[in-house]
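This report goes through one predicted model, part by part. Please have the sequence and the 3D view at hand while you read.

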Amino acid sequence: MARKVYVRVNADFYPDGEVRPRVITWIDGHRYEIARILQCIRAASTKVGGCGIRYTVSIDGKQSYLFREDDRWFVEGKT
Amino acid sequence: METRTILHSDLNNFYASVECMLEPALRDKAVAVCGKAEERHGIVLAKNDAAKRCGVTTGETIWEAKQKCPGLVIVEPHYREYIKYSQYVRRIYNDYSDQIEAYGMDENWIDVTASKRLFGDGSKIANEIRERVKFELGLTVSIGVSYNKIFAKLGSDMKKPDAVTCITQENYREKVWGLPVCDMLGVGRAASLELNRYGIRTIGELAHCNDALLACKFGVNGARMKRFANGEDNSKVMPRDYHVPIKSIGNGITFLSDLHSNDEVWAMILALSDKVTSRLREAHKKARGVSLTVKCCDLAYKEWQGTLEYPTQSMGDVAHRCFALFMQNYPWVKPVRALTVRAIRLVDDTIGEQLSIFRDIEYIERNEKIDQTVDEIRRRFGWNALQSAATLKLDKLPQNEDEIDLTMPTGMLLFA
């Protein structure tokens, strides 16, 4: 079972409108550097609900989804 | 002339689907979206497939639904979310055409005739839209593909959920003509009953019906229904930026408890007229008439219309005319459960008007200045900054803190 966790994100905003997330700060304050953005598409989260721009990101060699839902960011957290 | 390709896209169980999408824990349960029982809106507005299988129907009360389906999960409506997702879906349609006509919040016609060279035929575009809506938004749509709006709408109702149905000029006789006549857009409940009385039960029978009989019973609508049944609907899909002209502006409230006196009714009419005239001024319209709908405690209702002396957007004029209608017509046999005030026969407020020597122009101008001042105060400090004193002592008005202004076209535009 997964839960929707809204997180703090540091991102770069480019002049052409592109947004590239750089760092995710977890609820306990731990910072996760995003090594690579593998994909960026509009998608729904089948696990926790909601939708937005879905970034498939690589963090410490593991893949994860990061969603930008309007002006907020969320991840599919494990419970 | 090239045969048109029109899609009709219908979001399946829209309100319930949005709730289930946002809250995955609901997905395996029978869910019904219902109005607030404490505000006496406790009826089923939408339900998901699991609730449908238990026999839950739209419009029935919560307790009736729970009797049929004891495990039914009731959720309150979240209109802001529904509007948001409705707009997201339209954004997907925008990628395929600029002719998108809304029919309520969850249905749209899309004319893709000119897009076929770019994206493929109607069926391919429909399937692509269906897949994208599911993947990008987690919702499902049923899409009808046809050469006119009527058959496209019929197609979207045929297979649900998450499906595409094509009705062509070659197969419409097999696919459409066997369906009950009431399934077709343009045939309402009363017309359907009347047609059934003459033995016309299917769309095919309507398509072959005698012209004279239809003209005699339904006038011009009879001929139009027959044309629709034969696939001869030429009405076009309006451009996406087309705004339907406002024909009336209304506001209705179901009270927390029934009204029992004229004083209470007057105060409520005042509150409703306040909202209606504020919206009139915002839309730069004036009303030449009003309509008042009164619903009794047994849910029976009656509507009366009246003409205003001159086009107006003043709260006092509308409220006094509505109250006069109420006093003339309501016999007070039963308490009042709900009231709706509507401004009708609208004209632009910039339009010149006939002056009369009997009219007190100074009085009208003074009222207009008061209205402008009220609007300005509310713009700066919120709606509740000013209210009429008569409504202050009433505790039967529901608290609409999260009120949203929602206007969705619910009719098909018949421009050829």
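At what angle do the axes of helix H4 of chain B and helix H6 of chain B cross?

## Two helices in chain B

The axes of helix H4 (residues 79-94) of chain B and helix H6 (residues 122-137) of chain B cross at roughly 140° and come within 10 Å. That makes H4(B) oblique to H6(B). Axes here are lines fitted to C-alpha atoms, for helices over the stretch in contact, and angles run from 0 to 180 degrees between N-to-C directions. Angles under 35 degrees count as roughly parallel, over 145 as roughly antiparallel, 65 to 115 as roughly perpendicular and the rest as oblique. Helices (H or I, at least four residues) and strands (E, at least two) are DSSP runs, numbered from the N terminus.

On the H4(B) side, the contact is made by Tyr85(B), Tyr88(B), Val89(B), Ile92(B) and Tyr93(B). H6(B) contributes Ile129(B), Arg132(B), Val133(B), Glu136(B) and Leu137(B). Two residues are in contact if their C-beta atoms, placed from the backbone, lie within 7 Å. By class, this contact of H4(B) with H6(B) has eight nonpolar, no polar and two charged residues. Ala, Val, Leu, Ile, Met, Phe, Trp, Tyr, Cys and Pro count as nonpolar, Asp, Glu, Lys and Arg as charged, and the others, Gly among them, as polar.

## How the model is read

This is a predicted model, in which local features need pLDDT of at least 70 and side-chain atom pairs count only at pLDDT 80 or more, while totals for chains, interfaces and linings use all residues. Residues are numbered from 1 along each chain as its sequence is written, and chains are lettered from A and ligands numbered from 1 in the order in which they are written.

## The five-stranded sheet of chain A

Chain A has an open sheet of five strands in the order E1-E8-E7-E6-E5, with antiparallel pairing. Two strands pair if DSSP finds at least two bridges between them. Strand E1 (2-6) and strand E5 (36-44) of chain A are the edge strands, each pairing on one side only. From one strand to the next, the twist averages 30°.

E1(A) is joined by five bridges to strand E8 (residues 72-78) of chain A, and Tyr6(A) has Phe74(A) as its bridge partner in E8(A). Phe74(A) also stands opposite Phe67(A). E7(A) and E8(A) pair over four bridges, and their hairpin has two residues between the strands, with Asp70(A) taking a positive phi near 55°. Seven bridges link E6(A) to strand E7 (residues 62-69) of chain A. In that pair, Val57(A) has Ser64(A) as its partner in E7(A). E6(A) and E7(A) also form a hairpin with two residues between them, where Asp60(A) in the turn has a positive phi of about 50°.

## Where the chains meet

H6(B) packs on this sheet, touching E5 and strand E6 (51-59) of chain A, and its direction makes about 115° with that of E5(A). The contact between the chains takes eight residues from chain B and nine residues from chain A. In chain B, helix H1 (14-22) and H6 are the elements that give two or more residues to the side that touches chain A. H6(B) gives the most, with three residues. By class, this side of chain B has five nonpolar, one polar and two charged residues.
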